[in-house]
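Thanks for coming. I will keep this short and start with the charged pairs, then turn to the ligand. Please look at the structure while I talk.

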Amino acid sequence: MDPTLTVDRSTPRKTPARGRPSVATDVYRGLSFWHGTAGDLTPRAGLDGDGEADVAIVGGGLTGLWTAWYLLERDPTLRIVVLEKEIAGFGASGRNGGWCSALFPRSTASLERAHGRPAALAMRRAMIDTISEVERVAASIPCDFARGGTIAYARSAVQERAARAEIAEAAAYGVDEIGWRGRESVGAAGARGASFDRNCASLHPAKLVRGLASALEARGVRILEHTEVTAVSPGSVATARGVVTADRVVVATEGYTATFPATRRRILPLYSLMIATEPLSDAFWDEVRIAHGETFTDYRHLLIYGQRTADNRFAFGGRGARYHWGSAIRARYDRAPRVFKHLRRTLTELFPAARGAEITHRWGGPLGVPRDWHASVRYDPATRIGRAGGYVGDGLSTTNLAGRTLADLLTDADTDLTRLPWVGHRSPDWEPEPLRFLGANAGMLAMAAADVVERVTGRSSLIAKVMGPLVGH
Ligand SMILES: Cc1cc2nc3c(=O)[nH]c(=O)nc-3n(C[C@H](O)[C@H](O)[C@H](O)COP(=O)(O)OP(=O)(O)OC[C@H]3O[C@@H](n4cnc5c(N)ncnc54)[C@H](O)[C@@H]3O)c2cc1C
């Protein structure tokens, strides 16, 4: 565990004058379709001088907020402070695809290879249970939660083989429930059928994370916005506005973890980008056979993901934005016209009837990728510093499991959760530059090339097999 973390001051940033927002509220509203429709985004007050807490949490995303939530459930007397550089939900937690799934960045088979079968199955069960736990809390936080399942289209013979292999693997492990939907029941162009995984819900991510922050505040948690943490050390968290002394500290900065020099190579910030259409008619949704609450993808290698929003739009995203040298994170990287064009083209290839639909929103953000694509939760009783992250694109529900687990670890509880195989896992660091830049971008290009090869030849791509382990397959 890193006893001391300091923010790299070479990264340009906007530390606000005390009490004055660094970025206007309407800029936050423009961060994504979700932010624009999540209600009041007026920043809360920041830290005002030195303070004290039992637990200080760095980062007001879902990892930080779920941790506060479950800590309070375990001990309502705890004094908890959340320190957030911008506003709660500013990062990936407010901008994502809204898939509340049981997906974990490492497959069951690869977890079994790393940790043995019982541990791999325990992890799968915990992920599936997590959807119900989010549903339980979401009952009191309006966020359009709807458990509709995921349709994964098979649009070629190669993709159909991958789908059927996934269904067979799930049946062999006996935990996930994934079935096959025939060609006649799916509405994507060229689909030979689809796998259907019932363990997924769709939701409005910014409503969830902002609602969680408000509910925590109502229960006495101090949420300090516009408060950038500049250094973390055992028992204290430093900011330009004062120092918080705390018995225990949780670092929950996911992709932004790379902005601390001590953890620069721990997590690679990778951008995922999204578009949203105008609301579409019920007749359209009947034609494409996507019901409310359903999410969708297909079996290509360069990931795409979509949902039908509560107000009948497509919210549709995918990978393909390049990794930026030195793990840089900049507001301008949230928008890449080339990727937006690719997303639009892909959406209309899948659903030609959406050709005329207006694209009303375009956005993106950094998620966090560990070198071995293995998310983890860690707590060091010696330094009393905890952290969780490395969820890649599967953090919406996994953050909830992380929050519950951190709450157990920080309160010295020995539970089924603290024995899960991701607890204490330490991923290797990413390579220094230029190797990191070359490797990450080569991996991305390879996956795009593998999709082209499979489309043209109709055979499984060798590139995908060779590069797969690098990109988490
Ligand atoms: C476009 C996109 C689509 C995605 N789609 C999905 C999906 O559909 N399903 C899914 O499961 N996952 C998805 N993900 C991933 C998921 O959103 C993340 O894994 C998850 O939200 C991570 O939550 P977090 O709280 O750990 O990190 P974040 O939400 O990134 O929160 C970290 C917070 O730390 C703050 N911070 C950073 N530095 C400092 C500092 N020095 N001081 C104080 N605060 C700081 C940031 O401002 C930020 O608010 C997607 C991600 C993206 C970007």
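Let me start at Glu160, which is buried at a relative accessible area of 16%. Buried here means under 20% relative accessible area, exposed means over 50%, and partly exposed is in between, with a 1.4 Å probe and protein chains only. Before going on, the background: this is a predicted model, where local features need pLDDT of at least 70, side-chain atom pairs count only at pLDDT 80 or more, and totals for chains, interfaces and linings use all residues. Residues are numbered from 1 along each chain as its sequence is written, and side-chain values use heavy atoms, with hydrogens and water left out.

Back to Glu160. Which residue forms a salt bridge with Glu160 at 2.9 Å between the closest N and O atoms? That is Arg164. By salt bridge I mean a side-chain nitrogen of Lys or Arg within 4 Å of a carboxyl oxygen of Asp or Glu. Glu160 and Arg164 are separated by about one helical turn, because they sit four residues apart in helix α7, residues 157–173. Helices (H or I, at least four residues) and strands (E, at least two) are DSSP runs, numbered from the N terminus. Arg164 is partly exposed, at 40% relative accessibility.

Glu160 also forms a salt bridge with Arg192, and there the closest N and O atoms are 2.8 Å apart. Arg192 lies in the loop between β6 (178–182) and β7 (193–197), while Glu160 is in helix α7, so this pair ties together parts 32 residues apart in sequence. Arg192 counts as partly exposed because its relative accessibility is 33%.

In general, side chains of opposite charge can pair when their charged atoms come close. The structure holds 29 salt bridges. Another one joins the side chains of Arg74 and Asp408, at 2.5 Å from N to O. This pair links distant parts of the chain, with Arg74 in helix α3 and Asp408 in helix α11, 334 residues apart.

Now the ligand. It is surrounded by 37 residues, and the closest are Thr63, Glu84, Ser93, Gly393 and Leu396; a residue counts as near if one of its heavy atoms lies within 4 Å. By class, this shell has 16 nonpolar, 15 polar and six charged residues.

A polar side-chain atom of Ser93 lies 2.6 Å from an oxygen atom of the ligand. A backbone N or O atom of Gly393 lies 2.8 Å from a ligand nitrogen atom. For Leu396, a backbone N or O atom lies 2.8 Å from a ligand oxygen atom. Taken alone the ligand exposes 1,000 Å², and the protein buries 99% of that; these areas come from the Shrake-Rupley method with a 1.4 Å probe.

Which elements give two or more residues to the shell? They are α3 (62–74), α4 (92–95), β13 (268–277), β17 (359–369) and α11 (395–410).

Conventions: A polar contact is a pair of N or O atoms within 3.5 Å; within protein, one must be able to donate a hydrogen and the other to accept it, and residues adjacent in sequence count only if both atoms are side-chain atoms. Ala, Val, Leu, Ile, Met, Phe, Trp, Tyr, Cys and Pro count as nonpolar, Asp, Glu, Lys and Arg as charged, and the others, Gly among them, as polar.
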